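Dear colleague,

Please keep the model open while you read.

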Amino acid sequence: MRKRKAVYWLAAAVFLMGLLFCMKPGPLSAWSAFDRLPGVQSSDGGEAADFAGRQEQKKICLTFDDGPHPLYTPPLLDGLKERNVKATFFLTGQNAAAYPELVKRMAEEGHVIGNHTYHHVSLKEVGGERFREEIVSTNEVLEELSGTEIEFIRPPYGVWDKRYEKELGMIPVMWNVDPLDWCRSNVQGIVQDVLKGAEENAVILMHDQYPSSVTAALSAVDALQKQGYEFVTVEQILFD
Ligand code: NI
């Protein structure tokens with residue numbers, strides 16, 4: 001469990017370094033070393049073959065935070081459907097309530113929906129009691145719209161307290177590939193960083209809040225599918 005705590009610190013460190021890189025544009029190189037998650041270990045074994053001799057696909061997970069967005073989420077969902085890709089969406093309660101049809105569509109199309117607090121707040125900023133309310137009220141909205149139980153949370157800014165895992169039964173989902181799509185619109189740069197960070201069981205963090213993110217995500221999907229990756233939802237990375 002100490003390992004997990006360390007992982008949260010690492011995730012926070014990765015985020016902070018990301019911020020620094022965003023403020024000071026330059027080569028993105030240092031943070032890739034800080035990106036391990038529990039249950040998201042890489043396998044260096046290359047392509048594994050199952051007993052039938054069939055090549056097993058490498059699993060990878062695409063996650064989108066902060067949505068849904070009325071303009072950019074629909075074309076993303078169209079593109080994912082065309083490519084037969086299931087993703088994981090961490091939604092804020094307020095955006096879900098504002099665009100309920102998009103939440104229903106995500107659920108109908110087989111994507112996993114997770115919690116990203118109601119107002120996109122940091123635990124550090126609002127304190128424990130309010131944070132708890134933010135989680136609970138978001139679950140209520142998401143469960144009603146999706147018809148499924150919400151188990152996963154991506155805490156904004158990666159700030160988390162383990163007690164909510166027990167109290168609320170929520171499973172935090174961090175990330176280990178962060179192309180910083182929220183602070184730049186250079187599609188090619190975003191795609192390159194996704195491809196650079198991609199490995200078996202990686203969790204990619206993106207935001208369906210920008211047209212550049214949507215274009216980059218779909219282009220990265222095309223490239224990674226060609227490399228033999230299969231896009232799965234977060235529980236298949238954490239539990240399979
Ligand atoms: Ni966010």
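**Overall picture**

The chain has 10 helices and seven strands, where helices (H or I, at least four residues) and strands (E, at least two) are DSSP runs numbered from the N terminus. Please bear in mind that this is a predicted model, in which local features need pLDDT of at least 70 and side-chain atom pairs count only at pLDDT 80 or more, while totals for chains, interfaces and linings use all residues. Residues are numbered from 1 along each chain as its sequence is written, and side-chain values use heavy atoms, with hydrogens and water left out.

Of the 240 residues in the chain, 50% are buried; buried means under 20% relative accessible area, exposed means over 50%, and partly exposed lies in between (1.4 Å probe, protein chains only). The accessible surface of the chain comes to about 11,700 Å², and 53% of this belongs to carbon and sulfur atoms; such areas come from the Shrake-Rupley method with a 1.4 Å probe, and for residues only the protein chains shown count as cover. Among the contacts with a separation of 6 or more, 75% are between residues 24 or more positions apart, a contact being heavy atoms within 4.5 Å.

Asp-66 is buried, with a relative accessible area of 16%, and His-116 is buried at 2%, whereas His-120 is partly exposed at 23%. His-120 is found in the loop between E3 and H5, and its phi is near 55 degrees, a positive value in a residue other than glycine. Asp-66 likewise has a positive phi, of about 80 degrees, although it is not a glycine. In the loop between E1 and H2 there is also Pro-68, and the peptide bond from Gly-67 to Pro-68 is cis, with omega near -5 degrees.

The largest nonpolar core has 58 residues, of which Leu-62, Phe-64, Leu-80, Phe-89 and Met-206 touch the most other members. Helix H9 (residues 211-226) gives the most to this core, with seven residues. A nonpolar core is a set of buried Ala, Val, Leu, Ile, Met, Phe, Trp, Tyr and Cys residues joined through side-chain atoms within 4.5 Å. If residues up to four places away in sequence are not counted, the residues that Leu-62 touches include Leu-80, Ile-204, Met-206 and Val-221.

H9 has 16 residues and reaches 23 Å from its first C-alpha to its last, close to the 22 Å expected at 1.5 Å a residue, the expected span being 1.5 Å times one less than the number of residues. Its buried residues pack against E1, H2, helix H8 (187-197), strand E6 (203-207) and strand E7 (229-231). Just after H9, Gly-228 takes a positive phi of about 95 degrees.

Helix H6 (residues 128-146) has 19 residues and reaches 27 Å from its first C-alpha to its last, close to the 27 Å expected. H6 is followed by Gly-147, whose phi is positive, near 70 degrees.

The structure holds five aromatic pairs. Phe-131 and Trp-160 form one that is edge-to-face, at 6.4 Å centre to centre and with 65 degrees between the planes. Phe-131 lies in helix H6 and Trp-160 in the loop between strand E4 (152-153) and helix H7 (163-167), so the pair ties together parts that are 29 residues apart in sequence. Rings of Phe, Tyr and Trp (its six-membered ring) pair if their centres lie within 6.5 Å, and planes under 30 degrees apart count as stacked, over 60 as edge-to-face and the rest as tilted. Phe-131 is buried, with a relative accessible area of 0%, and Trp-160 is buried at 11%. Phe-131, Trp-160 and Tyr-164 form one aromatic cluster.

With best wishes
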